[in-house]
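This briefing sets out selected features of the model shown below, grouped by topic. It is intended to be read alongside the sequence and the structure.

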Amino acid sequence: MSILSTEQLGHSFNDNWLFKDIYFGLEKGDRVALVGINGTGKSTFLRILSGLLAPSIGKVVTERDLRIGYLEQDPQFQNQNTISDFIYSIGNERQQLIRKYEEAVNQEVHDEKLLNRLMDELSNANAWEYEYEIKTILGRMGVHNLEQKISTLSGGQRKRLALAKLLIDDPDVYILDEPTNHLDIETIEWLESYLTGGHKTILLVTHDRYFLDNVSSRIIELDRGKLQNFNGNYSYYLERKAEMEAAEDAAFSKNTNLLKKELEWMRRQPKARTTKSKSRIDAFYDLEEKTKGRNIKSNLELSVNVSRQGNKILELDHISKSFNGKAIINNFSYIFKKGDRIGVAGRNGTGKSTLLNIITGVIKPDSGHVNVGETTVFGYYRQGGLEFKEDERVIDVVKNIAEYITMADGKNLTASQVLTHFLFPPAKQYGMVNKLSGGEKKRLQLMRVLMKNPNYLILDEPTNDLDIDTLNVLEDFLLNFPGILMLVSHDRYLIDRLTDQLFIFEGEGKVQIYNGNYTDYRLEQEEPKKTSKEKSDPEVKKPGTASVKRKLSFKEEKEYETLEIKISEQEEKILVLTKELNSGITDHTRLSEISGEIKNLKDGVDEMTLRWLELSELK
């Protein structure tokens with residue numbers, strides 16, 4: 001039974017319908033991801049469901065007293081002065097009790113009588129566990145000074161504060177718009193674990209594919225004003241989407257060919273139109289409407305020319321940088337070479353963006369030297385976002401950089417042509433920048449960077465607010481980019497795919513150079529734990545002892561033989577269930593059951609396969 005649903009929902013801006021006639025239901029325990037290209041109305045849909053925006057038509061129906069928590073892309077704070085004012089809700093007795101206790105503890109001179117009374121009240125209200133959970137969440141989100149004024153926070157800090165508040169309040173329904181933005185990778189992994197525990201009900205928009213796969217169990221796509229449901233994870237969605245688009249392409253091609261023949265008939269018919277041919281005329285108009293109604297997706301093509309690069313690219317010679325006496329970078333040296341693809345990783349605030357600003361000359365190091373090669377041309381995509389004037393048109397933003405750009409094939413494209421390549425149709429080119437969605441502004445910012453034909457590309461959190469379609473094309477471009485690439489990103493998938501070396505910011509000014517991608521690094525970090533476990537295992541060979549290969553016991557031999565059979569049987573069951581899932585059944589309960597069965601079977605196959613591999617090494 002749905003605890004939140006929509007009926008004939010629709011919304012428009014300036015007579016332009018984003019979506020119309022939407023039916024959607026969210027049941028308790030559902031974890032749903034909403035996908036779609038930038039500008040289709042995903043954030044608008046979330047705002048309507050959260051009650052912050054009234055729809056143009058239709059309505060949202062919720063269960064009585066349902067508490068909805070909404071995390072928007074750019075959180076707004078009203079009537080709250082300090083972080084403490086925002087975190088501890090006036091109407092929440094336990095939160096107010098915890099606030100009083102925290103304030104009493106932080107006093108220079110403790111009032112023991114007050115503290116004892118508050119401790120008794122916390123015990124009576126069973127609030128100690130809640131107090132610990134609040135501290136844990138605030139710590140994970142990097143919120144420490146509760147008396148800091150909200151007006152002094154950066155955009156990233158404000159987003160983390162809003163997320164912390166939502167997690168602390170623990171609503172009945174979590175509606176999350178890009179929750180991983182401005183989080184470091186460790187915090188994202190913690191958030192995944194937090195959201196998937198406790199049977200939470202979640203609707204989210206995210207560009208982070210690892211996060212999307214790990215958190216959601218159902219995908220809904222907003223495409224051309226309609227909502228489509230996919231009962232499965234993101235990988236299943238991609239498979240089904242590819243099948244549907246192939247079928248749509250075939251139908252469109254068939255309809256187009258038929259339309260040409262029908263058009264010839266229509267042109268020959270003016271003298272002989274009778275009531276007998278009326279049905280055929282009606283069929284022609286219906287066919288014409290079907291053919292017109294299909295929108296062919298534009299392809300974002302990134303194939304700009306790259307400036308020639310000399311042998312000397314960039315040298316960092318014993319650079320150091322501190323702020324307010326705190327070491328950010330200490331005595332770091334590196335000589336960049338052709339083909340370098342470097343990921344920059346570390347907790348928030350450890351100095352990643354500082355290094356990028358030193359490299360590009362935005363700030364100077366306290367000591368050491370930065371030697372830039374004569375042919376090095378930087379393209380710097382900053383985390384801060386696109387700066388523009390309120391009365392500036394989209395095309396003017398581009399023309400401020402160049403009237404045309406040279407592509408990889410040598411052709412020169414005008415600013416308008418380049419905008420079209422970047423999915424900005426003429427109607428949007430001459431519109432105001434402040435009317436663009438967050439993702440569209442990011443895409444425009446990326447375009448301005450590439451128009452400079454850089455051979456040293458620096459991307460500081462490029463994935464924030466970009467849709468997955470754009471990200472896929474950006475990744476393909478970066479894979480083939482012949483210049484130097486430096487990438488700061490919390491997107492583990494992006495770091496893994498695009499980099500083969502890391503600068504790890506460990507804090508206190510220390511920067512570790514690591515050869516490998518992020519997954520390699522994490523596996524190596526886990527190795528000491530594995531080694532510690534092996535030391536306690538009497539069967540593990542100790543250094544200096546002869547290498548004797550242990551043979552399978554009789555019991556293990558039998559287990560090895562039966563595992564192959566069991567794995568095959570489970571895979572056959574998965575195949576049967578997958579066929580049933582794709583058969584077109586519409587019973588939501590049965591679809592959920594099948595998805596759950598498939599997941600459990602796959603988990604079982606993975607476990608059995610690992611065990612089979614362990615045993616096979618001993619044969």
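Two strands are taken to pair if DSSP finds at least two bridges between them. The model is predicted.

**Hairpin of β10 and β11**
- Strand β10, residues 314-323, pairs with strand β11, residues 326-336, in the antiparallel sense, and seven bridges are found between them.
- Leu 314 has Phe 336 in β11 as its bridge partner.
- Two residues lie between the strands of this hairpin, and Asn 324 adopts a positive phi near 55 degrees.

**Open sheet of three strands**
- Strands in the order β2-β1-β4 form an open sheet with antiparallel pairing.
- The edges are taken by β2 (16-27) and β4 (57-62); each has a single partner strand, so one side of each lacks a neighbour in the sheet.
- On average, neighbouring strands of this sheet are turned by 15 degrees against each other, direction ignored.
- Strand β1, residues 2-13, runs antiparallel to β4 and is joined to β4 by five bridges.
- Gly 10 stands opposite Ile 57 of β4.
- In general, strands of a sheet pair through backbone hydrogen bonds, in either a parallel or an antiparallel manner.

**Contact of helices α5 and α7**
- Helix α5 (residues 128-140) and helix α7 (residues 185-195) have axes that come within 10 Å and cross at roughly 145 degrees.
- From α5, Glu 133, Ile 137 and Arg 140 meet Thr 187, Trp 190 and Tyr 194 of α7.
- By class, three nonpolar residues, one polar residue and two charged residues make up this contact of α5 with α7.

**Nonpolar cores**
- The largest nonpolar core comprises 51 residues, and Leu 161, Leu 167 and Leu 195 have the most contacts inside it.
- Helix α6 (residues 155-169) supplies the largest share of this core, with seven residues.
- Beyond its neighbours within four places in sequence, Leu 161 is in contact with Phe 77, Ile 83, Phe 86, Ile 87, Val 143, Ile 150 and Leu 153.
- Another core, of 41 residues, lies apart from the largest one and includes Val 394, Ala 402, Val 433 and Val 449.

- Lys 165 is found in helix α6.
- Lys 165 counts as buried because its relative accessible area is 8%, and buried means under 20%.
- When residues up to four places away in sequence are not counted, Lys 165 touches Phe 86, Ile 87, Tyr 88, Ser 89 and Gln 95.

Note on methods
Residues are numbered from 1 along each chain as its sequence is written. This is a predicted model: local features need pLDDT of at least 70, side-chain atom pairs count only at pLDDT 80 or more; totals for chains, interfaces and linings use all residues. Side-chain values use heavy atoms; hydrogens and water are left out. Helices (H or I, at least four residues) and strands (E, at least two) are DSSP runs, numbered from the N terminus. Axes are lines fitted to C-alpha atoms, for helices over the stretch in contact, and angles run from 0 to 180 degrees between N-to-C directions. Contact means heavy atoms within 4.5 Å. Ala, Val, Leu, Ile, Met, Phe, Trp, Tyr, Cys and Pro count as nonpolar, Asp, Glu, Lys and Arg as charged, and the others, Gly among them, as polar. A nonpolar core is a set of buried Ala, Val, Leu, Ile, Met, Phe, Trp, Tyr and Cys residues joined through side-chain atoms within 4.5 Å. Buried means under 20% relative accessible area, exposed over 50%, partly exposed in between (1.4 Å probe, protein chains only).
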